[in-house]
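Reader: Could you go through this one with me? I would like to start with the overall fold and then move on to the details.

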Protein chains: 2
Amino acid sequence: MKAVLLAGAASLSLAGAPLDAKKRAPVAEIPLAEQGLVDNVNGYTLDGKGALVRFTGLLIDRDGKVVHLLKSGDTRPQRPDFKLDGKGRTLLPGLIDAHGHVQGLGEQALSLDLTGTKSLAEAQARLAAYAPAHTGSAWIRGGGWNQETWKLGRFPTAADLDAIVRDRPILLERIDGHATLANSAAMAAAGISAKTKDPAGGRIERDAKGNPTGLFVDSARALVEQAAPARLPRERDQAFAAAQDILLADGITATCDMGTSVEDWEAMRRAGDLGRLRLRVVSYAFGLEPALAVAGTGPTPWLYAGRLRMVGVKFYGDGALGSRGAALKQPYADAPGQKGTLFNDDAKLKNLMSRAAMDDFQVAVHAIGDAANAEVLDAINELSDTYKGDRRWRIEHAQIVDVKDLPRFAQHGTIASMQPSHATSDHKMAIARLGPDRLGGAYAWKAMLDLKVPLAFGSDYPVEDPNPFAGLADAVTRQDAAGDPPGGWLPEQKLTLTQAFAAFTIGAAYAAKAEDKVGSLEPGHYADFILVDRDPFAVDPAALRETKVLETWVGGQRAWMKK
Amino acid sequence: MKAVLLAGAASLSLAGAPLDAKKRAPVAEIPLAEQGLVDNVNGYTLDGKGALVRFTGLLIDRDGKVVHLLKSGDTRPQRPDFKLDGKGRTLLPGLIDAHGHVQGLGEQALSLDLTGTKSLAEAQARLAAYAPAHTGSAWIRGGGWNQETWKLGRFPTAADLDAIVRDRPILLERIDGHATLANSAAMAAAGISAKTKDPAGGRIERDAKGNPTGLFVDSARALVEQAAPARLPRERDQAFAAAQDILLADGITATCDMGTSVEDWEAMRRAGDLGRLRLRVVSYAFGLEPALAVAGTGPTPWLYAGRLRMVGVKFYGDGALGSRGAALKQPYADAPGQKGTLFNDDAKLKNLMSRAAMDDFQVAVHAIGDAANAEVLDAINELSDTYKGDRRWRIEHAQIVDVKDLPRFAQHGTIASMQPSHATSDHKMAIARLGPDRLGGAYAWKAMLDLKVPLAFGSDYPVEDPNPFAGLADAVTRQDAAGDPPGGWLPEQKLTLTQAFAAFTIGAAYAAKAEDKVGSLEPGHYADFILVDRDPFAVDPAALRETKVLETWVGGQRAWMKK
């Protein structure tokens with residue numbers, strides 16, 4: 001996870017600046033009392049049909065919305081209330097992540113990150129630096145360690161942590177997420193002793209005398225994890241703030257939060273109530289319960305000048321490919337006895353989706369395997385008889401789709417909400433899981449577009465890095481940052497940059513039922529834009545991936561700036 | 001519970017009315033661009049020191065706040081944006097209930113009310129009318145029946161209800177709250193059969209064959225109650241709307257909600273988000289958990305233009321006097337072996353209060369018996385060393401206070417939050433519970449005032465009727481509506497009307513940390529006022545009790561009007 005880059009928020013405001021009309025002459029052609037001018041930019045946006053529009057200036061009204069896009073020959077207002085000189089830099093619409101986990105990103109950012117440590121000593125040093133700087137939390141949590149990289153020749157132990165911190169419990173996840181290292185304080189808090197038995201599906205690492213060493217594998221992790229206290233409101237607020245800063249620094253001005261708990265929601269409302277909400281968040285409740293508790297009888301209105309809304313509900317259709325939880329129609333190629341797990345039978349899934357749809361909540365269902373995608377498509381097909389109108393059913397991930405199911409996405413306008421970086425991260429594993437013959441509908445975003453399926457892109461942060469320029473590069477190359485595989489994986493699924501850009505802007509906005517507000521800089525939309533250090537449309541994909549955001553503006557206000 | 005009187009909300013707006021400046025000449029002396037004039041009223045308010053102020057007109061600004069109070073000789077603006085002619089009627093500040101339960105009031109109002117039914121047939125007729133008009137709820141709930149009043153000669157049975165409604169479960173509480181009558185559908189949903197055993201402390205009424213008849217007494221009530229589903233968001237919203245209408249119709253423009261759950265809060269936020277919040281609600285969380293979940297690290301800001309805030313946390317020190325749960329220093333006079341129950345030991349209570357105070361939440365503790373009041377006063381005394389500044393500790397009810405503890409309220413500015421109607425409702429029971437010699441500090445609001453204790457009045461609705469004019473009459477007479485007891489109970493505790501009025505306005509506002517916003521109509525306060533059908537300061541207490549509200553205005557907007 002990258003460092004948190006926090007700038008003075010909203011220090012430069014175009015919207016809502018007080019007007020001292022007596023000092024100003026009326027501005028010709030511009031009827032609004034207050035306005036901002038962003039000028040001298042290399043501007044791009046997409047119009048509602050996905051066509052690239054170029055401009056060199058932007059007029060913003062007092063509500064933070066775009067009034068006009070200006071070409072180089074167009075007359076500029078002589079005395080705008082504020083002017084930002086872009087100095088020729090490239091201006092893009094703020095990018096939109098259609099699928100992320102805001103609080104998860106923030107919690108990850110605030111935890112102890114041991115990724116990349118080369119030795120136990122280095123990890124201990126990071127812990128030694130982290131602990132005194134993070135005294136607000138009763139427990140220290142973190143992860144990313146790998147004893148192989150440390151060349152330790154053994155698993156680390158509680159004693160290795162106790163040497164640094166004895167007075168606070170510590171839980172550190174192994175980089176693969178399959179083991180947790182606890183210090184003695186954490187084991188004591190969890191009541192772990194030599195008498196604690198290994199649970200089914202898990203293992204407690206022990207010394208020669210049978211005493212737990214501090215390492216808890218697979219299902220045994222829960223023995224220590226469950227002892228950790230619930231996060232405090234302060235920690236939740238810190239996590240939200242951290243996530244907001246990371247996303248704004250990455251050029252993301254709006255995001256779908258895919259699975260919002262009541263506690264997550266309250267943290268976002270506190271940010272809104274206290275005027276600290278700079279990012280736009282479109283929330284999908286973590287199942288029915290928080291949707292009913294928070295939004296009640298239907299989606300909330302837009303709150304905080306278009307910065308927060310609970311619009312829908314997220315359900316899970318199956319698990320993930322890596323752990324062979326994704327539900328496949330045929331057995332896993334690398335585990336012939338397994339087909340993964342559908343989380344609900346057909347009737348249950350339809351009941352859940354129906355309960356959400358009847359109150360007009362948008363429905364988003366996680367489906368990774370081809371069997372899960374088919375089940376959700378079946379459910380949508382059946383529910384569409386009852387729930388008509390603009391429903392915008394979403395399938396999240398849509399990673400492995402049976403080729404014959406691909407056209408079914410288009411039948412009821414189902415949105416394919418996909419993550420380009422998953423394809424580049426997963427490609428070797430996906431080939432292993434499926435074999436070479438079942439990849440025709442794998443991460444098939446180009447096929448979706450050809451079939452007129454609404455496509456939205458995101459990153460699934462914090463599972464992947466939220467940087468959308470990495471996602472754009474992944475989408476157009478089907479290669480990872482190292483250029484693997486050469487020529488791209490399943491290269492027929494490559495998109496043009498404009499297509500990928502659309503999925504990260506107007507496509508993601510449409511998926512969030514927000515295309516009238518964000519995604520484009522056409523007049524009437526919020527002035528959510530970024531200034532970047534290069535022209536993504538004029539560089540090669542490797543350079544595209546390295547694009548750096550210089551400033552991020554949300555609703556006509558500067559929300560982040562590179563220091 | 002009185003009928004819900006719903007008028008078109010906020011149909012007449014002074015605040016925020018569009019200004020068409022071109023059509024208007026400038027108004028002399030009044031610098032504001034938009035203003036409303038309420039004129040020709042017999043106006044009363046209290047100033048910050050509790051002195052009565054008279055006026056005949058009121059100027060309101062665009063924020064819905066009072067600009068000027070006008071005497072009869074004062075110049076009026078010639079062309080205000082809006083003018084309300086009071087036609088000589090009496091105008092009072094909106095009354096404030098310092099202790100009520102908003103959702104509980106609404107739920108009671110929406111449930112089937114069998115109070116006053118004279119026969120089983122009459123009750124069945126009410127059920128028959130209620131059921132088709134309330135199809136939104138899966139279960140029918142209600143109460144208020146009394147087989148004695150019905151002269152039934154037996155307890156009612158499930159069959160009596162099944163004759164009217166078979167397809168929906170029904171639960172009806174006996175008027176004393178000690179028994180629940182269920183129909184067959186409710187018993188089936190709860191899995192009740194002849195095999196179900198009586199729980200400790202409860203009884204299932206049975207026929208000769210041992211089959212449950214439908215009546216569940218005391219702890220057996222839970223057997224059927226627990227089967228009822230959680231309230232739906234729609235039901236919660238309806239309950240909030242009903243409560244709001246009742247309170248506004250009673251002339252209450254602001255209320256403390258004394259024990260807000262997360263679900264209660266979300267219902268109020270939905271009302272706010274959707275522009276349906278007309279009442280002002282100052283919320284005290286139902287213990288720490290909802291305070292931390294909702295407000296997080298401290299009280300929320302004022303939301304929705306001063307209409308909602310979570311400012312504090314409510315705890316329980318003891319139970320109630322009627323059930324002998326109130327904690328007394330000496331045994332109950334009518335139960336010599338019992339002294340009631342302190343809900344927390346001293347350390348636990350201080351820990352809870354400390355946890356709330358450390359995040360600057362205001363602390364309100366329910367204390368009815370003299371032992372509970374002493375325990376809370378002890379806790380406040382000790383915590384005041386740590387938590388300095390403007391803490392405004394509140395003791396809710398403060399019904400039975402040891403005379404020597406009365407002065408301790410004043411030591412740390414502890415607010416006595418009392419309910420005049422409890423005194424008139426409880427006086428016979430209180431005499432029975434305590435005997436004649438321990439009443440020196442019973443419902444002792446005059447003693448509190450004499451000792452300079454900040455006094456706030458409320459009703460504890462829905463336990464008592466929220467009508468504040470009943471409360472005012474109770475406070476000045478110490479008699480109930482029937483005039484009992486003659487001369488008033490413990491008449492030395494009678495207040496003057498001005499004193500009682502203060503406790504229902506500026507006193508309650510101070511208790512809610514809102515005295516800068518509401519309670520008075522002095523300039524700078526919100527224009528929260530009511531027009532009533534008589535001059536309460538010019539009539540006798542019996543007529544005072546019958547005062548009818550004609551219009552209720554909140555923040556310069558008409559929020560309710562008598563039809």
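Reader: How many helices and strands does the secondary structure of chain A come to?

Author: This is a predicted model, and in it the secondary structure of chain A comes to 17 helices and 22 strands. The radius of gyration of chain A is 25 Å, close to the 24 Å that the globule rule gives for 563 residues, so chain A is as compact as a globular protein of that length.

Reader: And what box do the C-alpha atoms of chain A fill?

Author: Taken along the principal axes, they fill a box of roughly 85 × 55 × 50 Å. Buried residues make up 54% of the 563 residues in the chain, and among contacts with a separation of 6 or more, 73% are accounted for by residues 24 or more positions apart.

Reader: What is the mean pLDDT of chain A?

Author: The mean for chain A is 92, with 94% of its residues at 70 or more. Over residues 1–33 of chain A, however, the pLDDT is below 50, although this stretch has 56 contacts in the model beyond near neighbours in sequence. Where pLDDT is low, the predicted coordinates should not be read in detail. As for the model scores, ipTM is 0.84 and pTM is 0.87.

Reader: Which residues of chain A does the UniProt domain annotation cover?

Author: According to the UniProt record, an unreviewed entry, the annotation "domain: Amidohydrolase" covers residues 85–557 of chain A. In the model that span is 33% helix and 20% strand, and its end C-alpha atoms lie 14 Å apart.

Reader: Switching to the interface, how many residues of chain A are in contact with chain B?

Author: There are 17 residues of chain A in contact with 17 residues of chain B. On the chain A side, the elements that give two or more residues are α6 (233–249), α7 (262–273) and α8 (288–295), and of these α7(A) gives the most, with 5 residues. By class, that side has 8 nonpolar, 3 polar and 6 charged residues.

Key:
Residues numbered from 1 in each chain as written. Chains lettered and ligands numbered in written order. Predicted model: local features only at pLDDT ≥ 70, side-chain atom pairs only at ≥ 80, totals over all residues. Contact = placed C-beta atoms within 7 Å. Helix = DSSP H or I, 4+ residues; strand = E, 2+ residues; numbered from the N terminus. Nonpolar A, V, L, I, M, F, W, Y, C, P; charged D, E, K, R; others polar. pLDDT = per-residue confidence, 0-100. UniProt positions renumbered as here; feature names shortened; annotations may be inferred. Rg over C-alpha atoms; globule rule 2.2 N^0.38 Å. Buried ≥ 20, exposed ≤ 12 C-beta atoms within 10 Å, placed from the backbone.
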